[in-house]
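Me: I'm new to this kind of thing. Please walk me through how to read it, one feature at a time.

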Amino acid sequence: MLQTRPVSEPTQPAVRPRRTSRGAGGWAAIFVLPVAVLVGVFVMYPIVDTVGISLTDYNGLQPGNYVGLRNYGALLDDPTFATAIVNSAVIAAAVTVALTCIPLPLAYWIHRRIPFRRFFRAALYLPVVVPIIVSSVAWKVILDDHGILNYLLQWSGVRDTPVGWLTDPAWAKWSVIVVIVWRSLGVYLLIYLAYILTVPDELFEAAAVDGASGVRTFFSVVVPLMRPAILLCTIVSLANSLKAFDEVYVLTSGGPLNASKNVAYLIWETAFENLEFGAASAMAVVLLLAVAVVVGAVLLLARRRSV
Amino acid sequence: MSSPFTRSGRLTVVGVLTLVIVAMLFPLLWLVSISLEADGDVFAVPPQILPQPPTLANFEYVWGSSGVPGYFANSMIVAVGTVTANVGCATLAGYALARLRFRGRDAVFAAVLATMLIPFPSIMLSLFVVSKNAGMYGSLVGVIVPLAAAFAWLTVYIMKEAFAALPVELEEAAFLDGCGHGHTFVRVMLPLVKAPMATSAILVFTLTWSEFLWPLLILRDPGDFTISIGLQYFMSMLTGNWHNIAAVAVLASVPTVGVFLLLQRYFFSGTLTGATKG
């Protein structure tokens, strides 16, 4: 009897679901609920709540009164906020350029089996796992007016007088930028190293066989192949550098004369030093929108260029 | 595959890398050097590169006569609490997002992942008010819960990818044997994602241990300070006493640097490989 069945008839191959799902609905709720509650209450809800607070004159103590868009209007006339916007933009731009460009050749070299690659990889990542407040102690001693950096510059004859790396308005912002880049470099190296594993080695080797020089191989083969990772690094770095707070707080406290004060620091100062939660919330909303717009623009630009 | 570089090319590469490494490691080595120096001006001319003789006196002093052991204990409680809450929730969610079919699954995953881009300073004011109203102001629980939420995107991603990479046949076999979803998850799936769970735990541990801004806002009494806030407090009290400050700083980085050096393979394991796909 069995043999009479046509062989070609599929014997219910669909029995094998790609994602197992029998009676999954209830289980899914139980499994997802903890994260949904955690992220919903402590990340999503605060966004909505911040918009609400930004429409009041809440001072952190008494319930605030509704003031409409007055806090936003006040930001337009606030020179400190304008300075902070410019500083945030400069810090984000400089940090992002550095963090997308510098780790790429480093990752390529480490991937291509240079000697001591494990040591190089670990050493480059080490600053990432050192708490920022710890590295700030080191950087404060190094960048001090009488610190070792100024000593070396004067000893070697590059400078006659010490540079106020943290005390000169012209330099403070750049010191913050250097420390952010120093401490985050390993993260971006890791992203590049992870992605480069997915690129077949033959593609790199073909270029070498064709006799392309190292520099040419890098720009005409490595960079195009690494495009998705470069895009990811750009986005992550933009989002991270726009919210940079720790480095500003511990190195310069936004000074001197607001020279290194960015929006993230100003939000903290306005809320927790001046107790103007309403005004600070308006800045917080502007920062959130700025990140959304910048990241959105980069994604749009990347999509247009790849078409 | 042999190294693709020519001999001179390889020398150039190693030379450039060595310069980069010196720049990367010098600040940390300088800090260690200062912490090992008994006394003397850290800004002396010419600078004292190697402490002579090196001494552990600063470490003995700061460990024995300040709040440092307490800060350590607080940081440990916060780190263990955050890791447990975060990785526990992320593992459950990762399984559901990878293996169960339900409405809104992709939307939930996209929403959690998108929180990566939300700047913390944008939500910290409301988070402060919410935590205060929930009675968490000035408590370690108040540090733990929002941090567990803030790092959820990272570990949910890792765990979802880990579960998605397991063969479907394993679950089918378990179902045929009559196991339910709960049983299958605990007995069959969990043992297979131990390594990604370890990676998640290690990453969240280092992030939490180093966290500065949120504990700065939510903690009030020096007795509750984590080591990062404690070091900042110590610095404001002992202005200019760089040898003792450096000793606390070096101690503060021992747990994360230790975990990194001992468990490096988890950082570079490629668990994050998928992060850049698509």
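Me: Over residues 1–22 of chain A, what does pLDDT stay under?

Reply: pLDDT is the predictor's confidence in each residue, on a scale from 0 to 100. For residues 1–22 of chain A the pLDDT stays under 50, and the model has eleven contacts for that stretch beyond four places in sequence. A contact here means that the C-beta atoms of two residues, placed from the backbone, lie within 7 Å. Before we go on, some ground rules: residues are numbered from 1 along each chain as its sequence is written, and chains are lettered from A and ligands numbered from 1 in the order in which they are written. This is a predicted model, in which local features need pLDDT of at least 70 and side-chain atom pairs count only at pLDDT 80 or more, while totals for chains, interfaces and linings use all residues.

Me: What is the mean pLDDT of chain A, and what is the mean pLDDT of chain B?

Reply: For chain A the mean is 88, with 89% of residues at 70 or more. For chain B the mean is 88, with 94% of residues at 70 or more. In chain B, residues 273–278 have pLDDT below 50, and the model gives that stretch 13 contacts beyond near neighbours in sequence. The complex itself gets an ipTM of 0.90 and a pTM of 0.90 from the predictor.

Me: How many helices and strands does chain A have?

Reply: Helices and strands are DSSP runs, numbered from the N terminus: a helix is H or I over at least four residues, a strand is E over at least two. Chain A has 14 helices and zero strands. Chain B also comes to 14 helices and zero strands.

Me: Which residues of chain B does UniProt list as "transmembrane region"?

Reply: An unreviewed UniProt entry lists 12–32, 71–95, 107–130, 136–158, 197–218 and 242–263 of chain B. UniProt positions are given in the numbering used here, feature names are shortened, and annotations may be inferred rather than shown by experiment. Residues 242–263 of chain B are 95% helix and 0% strand, and their end C-alpha atoms lie 31 Å apart.

Me: Helix H6 of chain B: mostly covered or uncovered?

Reply: Count neighbours: a residue is buried if 20 or more other C-beta atoms lie within 10 Å of its own, exposed if 12 or fewer, and partly exposed in between, with C-beta atoms placed from the backbone. Helix H6 (residues 140–150) of chain B is mostly covered, with ten of its eleven residues buried. The buried ones include B:Leu140, B:Val143 and B:Pro146. Over the whole of chain B, 46% of its 278 residues are buried.

Me: Which residues touch the most other members of the largest nonpolar core?

Reply: A nonpolar core is a set of buried Ala, Val, Leu, Ile, Met, Phe, Trp, Tyr and Cys residues joined through C-beta atoms within 7 Å. The largest one has 181 residues, and A:Tyr192, A:Met283 and B:Ala152 touch the most other members. Helix H8 (residues 172–196) of chain A gives the most to this core, 17 residues. A:Tyr192 touches A:Pro103, A:Leu104, A:Ala107, A:Met226 and A:Ala229, leaving aside residues up to four places away in sequence.

Me: How many residues does each chain put into the contact?

Reply: Chain B gives 85 residues and chain A gives 87. On chain B's side, helix H1 (residues 7–35) supplies the largest share, 14 residues. That side of chain B divides into 63 nonpolar, 16 polar and six charged residues. Here Ala, Val, Leu, Ile, Met, Phe, Trp, Tyr, Cys and Pro count as nonpolar, Asp, Glu, Lys and Arg as charged, and the others, Gly among them, as polar.

Me: Where does a cis peptide bond occur?

Reply: Most residues other than glycine have a negative phi, and most peptide bonds are trans. A cis bond joins A:Gly255 and A:Pro256, with omega about -15°. A:Pro256 sits in the loop between helix H12 (246–251) and helix H13 (263–273) of chain A. A:Asn258 lies in the loop between H12 and H13 of chain A, and has a positive phi of about 65° although it is not a glycine. A:Asn258 counts as partly exposed because it has 18 C-beta neighbours inside 10 Å.
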